[in-house]
Amino acid sequence: MRRRRPPRPGALQTLSPLRIATQILTLQLLHYLVATALILFTALAAGKRFSADLVLDWRSLRGDTTVGWTLGLCWVMDAGAG
């Protein structure tokens with residue numbers, strides 16, 4: 001009788017769908033927390049009213065205003081933090 005080979009370490013155990021979904025949710029949560037903190041600080045320092053659109057809506061990112069450029073910088077810093 002042939003002996004079965006032991007499974008490779010990390011073959012299917014690391015690809016568990018629940019683990020992958022948990023990692024995705026954790027990364028998304030971390031991304032939005034960092035983005036909210038950066039954008040909230042920047043909005044308060046600039047004297048602008050904070051809204052969820054600054055974090056979630058790409059249309060608030062404009063190239064013709066200082067707030068738009070600052071928001072773009074916050075998004076780049078958030079991408080680097082993640």
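This talk walks through a predicted model, from its overall layout to its core and its surface. Residues are numbered from 1 along each chain as its sequence is written, and side-chain values use heavy atoms, with hydrogens and water left out. Because the model is predicted, local features need pLDDT of at least 70 and side-chain atom pairs count only at pLDDT 80 or more, while totals for chains, interfaces and linings use all residues.

Start with the layout. The protein has three helices and zero strands. Helices here are DSSP runs of H or I with at least four residues, strands are runs of E with at least two, and both are numbered from the N terminus. Read from the N terminus, the order is α-α-α.

Now helix 1. Helix 1 has 30 residues. From first C-alpha to last it reaches 43 Å, close to the 44 Å expected at 1.5 Å a residue. That expected span is 1.5 Å times one less than the number of residues. After the helix comes Gly 47, with a positive phi near 80°.

Next, burial. Of the 82 residues of the protein, 13% count as buried. Buried means under 20% relative accessible area, exposed means over 50%, and partly exposed is in between, with a 1.4 Å probe and protein chains only. In helix 1, the buried residues are Ala 35, Ile 39, Thr 42 and Ala 43. They pack against helix 2 and helix 3.

Which residues make up the largest nonpolar core? There are seven: Ala 35, Ile 39, Ala 43, Leu 54, Val 55, Leu 71 and Cys 74. Helix 1, helix 2 (52-56) and helix 3 each give two or more residues to this core. Helix 1 gives the most, with three. A nonpolar core is a set of buried Ala, Val, Leu, Ile, Met, Phe, Trp, Tyr and Cys residues joined through side-chain atoms within 4.5 Å. As background, nonpolar side chains tend to be buried together in soluble globular proteins.

Leu 71 lies in helix 3, residues 66-81. Is Leu 71 buried or exposed? Leu 71 is buried, at a relative accessible area of 5%. Leu 71 and Ile 39 are 32 residues apart in sequence, yet 6.8 Å apart in space, C-alpha to C-alpha. Leaving aside neighbours within four places in sequence, Leu 71 is in contact (heavy atoms within 4.5 Å) with Ile 39, Leu 54, Ser 60 and Leu 61.

Out to the charged pairs. How many salt bridges does the structure hold? It holds two. A salt bridge is a side-chain nitrogen of Lys or Arg within 4 Å of a carboxyl oxygen of Asp or Glu. Arg 59 meets Asp 57 at 3.5 Å, N to O. Arg 59 is exposed, at 59% relative accessibility. Arg 62 pairs with Asp 64, with the closest N and O atoms 2.8 Å apart. Arg 62 is partly exposed at 43%, and Asp 64 is exposed at 56%.

Last stop, Leu 15. This residue lies in the segment before helix 1 (17-46). At 51% relative accessibility, Leu 15 counts as exposed.
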